[in-house]
Amino acid sequence: MFHKISLYLLLYILVIIVFSVGSFFCFMTGANGWGMACMAGTVFFISKTLTLYNSVNRKIAYFFEAMENDDYSINFIERKGTSSEMFLSYILNKMKNIIRKTRLESQQQEKFYELILESINSGIVVLNSQGFVVQTNAAALKLLGLGVFTHLRQLDRVDPALTVLFDNIKSGDKKTFSLTMERGTVQLSIKATGLWLNKEAVRLVVIHDINNEMDEKEIESWIKLIRVLSHEIMNSIAPITSLSDTLLTLYEDAHVADCDIRNNAVNGLHVISETSKGLVSFVESYRKFTRIPTPEKELFNVSEFIQRIVILCSAEDNFKSVKIDMSKVPEDLKLYADSNLLGQVMINIVKNAIQALQGKADACIEIAAAKTEEDRTVFTIKDNGPGIPEELMKQIFVPFFTTKEQGSGIGLSIARQIMRAHDGSIRVHSVPNKETRFTIEL
């Protein structure tokens, strides 16, 4: 393109030189008419040269300005002007299309990487040497308890010690940090890696919730154990139950001469039958822990949902002596979730709170709900009961752990499973002899 235009410019310059020299000799020899003609030719080709030069400069300048601003709507007319100008317009249009295609491919690739970044559970933070956040993801914001994260100094609002850790962590370092927030205490694993991004040295900081990882492994282990035990126990009990029922029917219908033998056999078979059925029921209750269904989500009104939960808990013996405050539940708040599964979680927590408040004079349960900046819904259920002792706090979500004589110990374990199925969380914070607060986020 530019080679052809350069040839035109060179040709014009040569013609200008020829006409200038011719004009000089014509005036020197007295041929003034020819001298004027040569001078007119010189002026004409100088004008042509300037026009071509300015046209090329304007088009190229306009082209680069448009590309710099990502404006691909420009279009150069290819059928107007000299052949060199039309050729220039053709080449610029072609270059524009190539750049636009490359830019679109680049944007699609960036979007693809962003989707990958947002889909992982690990928190990702990319920091430059001035402490500015170049890139982050939703998992990092959630783990750090921030709505927006643009500079390290914003961590001062979370914990000043966390700011110092992020500021001083070097490539290859791996640190742990205990972070206490409203939703509870989390144990973070923080690892840094150095790399170059656009010729700038940056640090890639990866954040993991150690507690969450340990909980998942613990639950997975319990589920495997329960499945094995359930399978083996059920295989052993089923034939016994069936056989005892058959024998019981025979003895009840048969005319046995010795009434004592008959009565003893019937009583024994009754015991076998009832014990077997009780054991089957026992195993079935624990099987529920490994069979959390996939949530069937729907949009529902949170206020109506909470009122329904309270009504379902009204059968508790201590219900009438407990004040339940629902004033912090917005009437217009909507939630997209499985209301039946979530209802199981809420009922379990509210019933536990009612039972814990047995005998307390000013017993009160406060239920609240709100939307966060990240468009998440947070429920809090707080009671002013005796609280949970510190040594039991880490065990309340462990399957089969219970402090109740008639408790199965799977209520809160199932609640945590349900919240995980919703990509949510359930946490507890308790102050002995003051309050217990459960926080549900999804």
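**Contacts, rings and a buried asparagine**

In this predicted model, 58% of the contacts in the chain with a separation of 6 or more are between residues 24 or more positions apart, a contact being heavy atoms within 4.5 Å. Because the model is predicted, local features need pLDDT of at least 70 and side-chain atom pairs count only at pLDDT 80 or more, while totals for chains, interfaces and linings use all residues. Residues are numbered from 1 along each chain as its sequence is written, and side-chain values use heavy atoms, with hydrogens and water left out.

The chain has 11 helices and 12 strands; these are DSSP runs numbered from the N terminus, with helices being H or I of at least four residues and strands being E of at least two. Of its 442 residues, 39% come out as buried. Buried here means under 20% relative accessible area, exposed means over 50%, and partly exposed is in between (1.4 Å probe, protein chains only).

Now for the rings. There are 2 aromatic pairs in the structure, where rings of Phe, Tyr and Trp (its six-membered ring) pair if their centres lie within 6.5 Å; planes under 30 degrees apart are stacked, over 60 edge-to-face, and the rest tilted. Phe300 and Phe305 make a tilted pair, 5.2 Å centre to centre with 50 degrees between the planes. Phe300 is buried at 10% relative accessible area, and Phe305 is buried too, at 1%. Ring pairs also bring in Phe379, giving a cluster of Phe300, Phe305 and Phe379.

Val134 sits in strand 2 (residues 133–136) and is partly exposed, at 39% relative accessibility.

Asn318, finally, is found in the loop between helix 8 (302–312) and strand 7 (323–328), and is buried at 7% relative accessible area. Its side chain reaches the backbone oxygen of Ile354 at 3.1 Å and that of Leu357 at 3.4 Å. Beyond neighbours within four places in sequence, Asn318 is in contact with Ile354, Leu357, Gln358 and Gly359.

Conventions. Polar contact = N/O pair within 3.5 Å; in protein donor to acceptor, adjacent residues only side chain to side chain.
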